[in-house]
Amino acid sequence: MAAGGTRRISAASARSHTRKNKQSSSSFLPKGIFKTLLLVFFTGFLAWAYQATRPPPPKICGSPDGPPVTSPRIKLRDGRNLSYLEFGVPKDTAKYKIIFVHGFDSCKLHNIFAATTSPALIEDLGVYIVSFDRPGYGESDPDPKRTLKSLALDIEELADKLELGSKFYVVGLSMGGEFVWPCLKYIPHRLAGVTLVAPVVNHWWPSFPSNISNEVYSQMFKQDQWCLRVAHYLPWLTYWWNTQTWFPGSSVASQSLDMFSPPDLEILSKLPPLTEAHKTQPRQQGEFESLHRDLNIAFGKWEFEPMELENPFPNNEGSVHIWMGDDDRFAPVTLQRYIAQQLPWVKYHEIERAGHMFALGDGMTDKILKALLNVTD
Ligand SMILES: *[C@@H]1O[C@H](CO)[C@@H](O)[C@H](O)[C@H]1NC(C)=O
Ligand SMILES: *[C@@H]1O[C@H](CO)[C@@H](O)[C@H](O)[C@H]1NC(C)=O
């Protein structure tokens, strides 16, 4: 489409040039001045545009002008530090070990189990949960080479450095849920069970029939359609797009409440207020390596198709769950239902009159946890 547009424009301007040349043979200004002015203007514009699209360097955690390191971190294979936070029973006595993957614009502090699961259940079952800051968020070093696969490998390395054993559970929330698909692709042999809670969906996954993905897309706010288009087609422009003030950027990144459905607003109104750390830690190293890189990867071109994955537990030695509210305005339920249809081995739980935040509602994480660990009351 873009290429076609460019061609049309140049054909039109070529025609107008021809006409002008015929009329302006008796021009009183030397032609060279226009050319020079145009060149100066164009060079200036390019320099400005280049500057505007380049994100400032991140404020690395622990560096002199960066935020302080306040949590333990492991050193990864390429020297990056990954920050984590443990919760539940000590890992040495735990029966179940879970790695929690946070969502967009969040961090390791936003662990839904730490927030709402009944302490007695955690204790009785013997559950250990470790959450970590995804690269560029909170206190984890950015990963400029980040890919879908590298995050799966980070998770595996976290498990190994913490000595969680040969198998562990992975739970991801929202965009963190979307990034659990790469775990199913790249480290299935390390997984004991998996839960995706209200996972974000990339409607560019090629398995989606175009009528369904188009319908979902047309229901989005215009500003979010544009934000996702930029992330998908022009990822080098994502920083500028989401920081410029000419057009509205992503309504999610701007923390607008417009995206939340009525059940979400009800849940949000009942939650205790977020602490200062919950609010400031996610983006404290800068928005590019956290938010914008997330958008580019989540909505970019994927090198594999989640709907073509194999069942990681062919002998029922574990299970894969998707939990979804039917009034989720961040991750459309239509696409999620389609995914569940394509993957009969996924246990799909749809909650009625529930939005994107349903997991924080009464008793919900207890249910999610019991289903994952296959324990009955
Ligand atoms: C990891 O942290 C150490 C200090 O704790 C620092 O010297 C090192 O540069 C960090 N690694 C990266 C890749 O920033
Ligand atoms: C999309 O198209 C298929 C056939 O091409 C049809 O079976 C399905 O019902 C359509 N879905 C919607 C939501 O329009």
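This is a predicted model: local features need pLDDT of at least 70, side-chain atom pairs count only at pLDDT 80 or more; totals for chains, interfaces and linings use all residues.
**A first look at this model**

Hi everyone, let's begin at ligand 1, which has I60, G62, G79, R80, N81 and D141 around it. By type, that shell comes to one nonpolar residue, three polar and two charged.

How confident is the predictor? The average pLDDT of the chain is 88, and 90% of the residues score at least 70. The stretch to treat with care is residues 1–26, where the pLDDT is below 50. Beyond near neighbours in sequence, that stretch makes zero contacts in the model.

What does the model show over residues 32–50, helix or strand? The answer is 100% helix and 0% strand, with the end C-alpha atoms 27 Å apart.

Now to the sheet. Eight strands make up an open sheet, and if you follow along on the structure, the order is β1-β2-β4-β3-β5-β6-β7-β8. The pairing is mixed. At the edges sit β1, residues 73–75, and β8, residues 346–351, each of them pairing on one side only. On average, neighbouring strands here are turned by 25 degrees against each other, direction ignored.

Let's zoom in on one pair. Strand β7, residues 320–325, runs parallel to β8, and six bridges link the two. Which residue stands opposite H349 of β8? That is W323.

Last stop: helix α15, residues 364–373, which packs on this sheet. The helix touches β3 (96–101), β4 (127–132), β5 (168–173), β6 (191–197) and β7. The direction of α15 makes about 150 degrees with that of β6.

Definitions and conventions. Residues are numbered from 1 along each chain as its sequence is written. Chains are lettered from A and ligands numbered from 1 in the order in which they are written. pLDDT is the predictor's confidence in each residue, from 0 to 100. Two residues are in contact if their C-beta atoms, placed from the backbone, lie within 7 Å. Two strands pair if DSSP finds at least two bridges between them. Helices (H or I, at least four residues) and strands (E, at least two) are DSSP runs, numbered from the N terminus. Axes are lines fitted to C-alpha atoms, for helices over the stretch in contact, and angles run from 0 to 180 degrees between N-to-C directions. A residue is near a molecule or strand if its C-beta atom, placed from the backbone, lies within 6 Å of it. Ala, Val, Leu, Ile, Met, Phe, Trp, Tyr, Cys and Pro count as nonpolar, Asp, Glu, Lys and Arg as charged, and the others, Gly among them, as polar.
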